[in-house]
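Me: I've got a model open and want to talk through a few of its local details. Can you take them one by one?

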Amino acid sequence: MKKLFIFFMLAVLSIAALGLHYLLKPSGDLTEFSSFTQSPHLESMHPPDIVVKYFGVSTLLFDDGKDQILVDGFFSRPPLSQVLFQNIQSDHALLDHFIQKYDLKRLKAILVTHSHYDHALDIAYLSRQTGAKIVGSSTTHWIAKGGQVPEKQLLLTTPEQIYTFGDFNIRAIPSQHTPPTFVNNDLGESLSAPLKMPAHFTRFVEGGSFDYHIEAYQHRILVKASTGLVTHAYKGLEVDSLFLGVAQLSKQSTAFQTTYLSQTLKQLQPTLVVPIHWDDFFSPLSEPLKLLPHLADDTPKSLKIVIDAAQKQGTDVVMMTSSSTLGLPILRP
Ligand SMILES: [Zn+2]
């Protein structure tokens, strides 16, 4: 009887281990989307273009050769085991490497879409080292203050206000986070004191979500990190290049997916759509980006939903990897 019990327990543990292994594996293979990762839009720049680099999740660098704008700041990407069982913090050596490699001394602003750690972990160190202003919610400001960013470098997201940095004109648009899951069920919660690092990932509460409309040289860009929206938020908005969050789109209802696509892609009719927030952010930037694990999303399905809708209306699709460079044409000499 005892032997049978041990056998039963071993079988249960093996099934649990196999299940966990499956859930943590990438939900698909990026090579399935190679026609989009090798798009002619990539690596075919005609200077002077606005050069875009992607660092996973929704961390995007826009560079006009003079000034730089960063959307979100998340390079450190601590592994899952660390996120679950330890406090997390910015990897300063890694950030110094990126500051040098991408000449981030020219960085003028960091536009923060919301305050979860996969968007805001590295903003304080980057802002302090480069002098870049941080545009974000009051919660984002508390994260910056916890990292000793001077008050004069902090700008509060105020809808309708235009922020100008060099030739970039920027507007924050109130948005909605992706519908909550058991790990990020803190939507609308905010900080009211400086957040010092190291800190547990759950201390980085959402604090309100924003999309950013960036206009430079008559090229209009919208960065939308989260898979959620405020109804009719983009009424009258002109967008050439749309950076569209797809995380967990496959998990939502058909009605949600239809509304999401009709109020983004269909309404905006951009020339180009770049899906973002599809990568496994527990894996370091020293490795090629991988799709989110099964545990988080069916990422091939999420991507296909967006790709199909884009192709139906004649919008080009580009998938950026961490080694690709996208040139957005400057439309005014
Ligand atoms: Zn989030």
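Me: Where does Asn184 lie?
Reply: Quick housekeeping: this is a predicted model, so local features need pLDDT of at least 70, side-chain atom pairs count only at pLDDT 80 or more, and totals for chains, interfaces and linings use all residues. Residues are numbered from 1 along each chain as its sequence is written. Helices (H or I, at least four residues) and strands (E, at least two) are DSSP runs, numbered from the N terminus. On that numbering, Asn184 sits in the loop between strand 8 (168-175) and strand 9 (209-216).

Me: Is Asn184 buried, partly exposed or exposed?
Reply: Count the other C-beta atoms, placed from the backbone, within 10 Å: 20 or more is buried, 12 or fewer is exposed, and in between is partly exposed. Asn184 has 18, so it comes out as partly exposed.

Me: Which peptide bond is cis, with omega near 0°?
Reply: Look in the loop between strand 8 and strand 9, where Pro198 lies. The cis bond runs into that proline, from Met197 to Pro198.

Me: How is helix 4 oriented to helix 6?
Reply: Helix 4 (residues 92-101) and helix 6 (residues 123-130) pack at about 50°, with axes 11 Å apart. Axes are lines fitted to C-alpha atoms, for helices over the stretch in contact, and angles run from 0 to 180 degrees between N-to-C directions. Under 35 degrees is roughly parallel, over 145 roughly antiparallel, 65 to 115 roughly perpendicular, and the rest oblique. That makes helix 4, relative to helix 6, oblique.

Me: Which residues of helix 6 make the contact with helix 4?
Reply: Contact here means C-beta atoms, placed from the backbone, within 7 Å. Helix 4 brings His92, Leu95 and Ile99, and helix 6 brings Tyr125, Leu126, Gln129 and Thr130.

Me: What do the end C-alpha atoms of helix 9 say about its span?
Reply: The expected span is 1.5 Å times one less than the number of residues. For the 15 residues of helix 9 (residues 299-313) that should be 21 Å, and the end C-alpha atoms agree, at 22 Å.

Me: Is Val57 buried or exposed?
Reply: Val57 is in the loop between strand 1 (50-54) and strand 2 (60-63). Its phi is near 45°, a positive value in a residue other than glycine. With 24 other C-beta atoms within 10 Å, Val57 is buried.

Methods: Contact = placed C-beta atoms within 7 Å.
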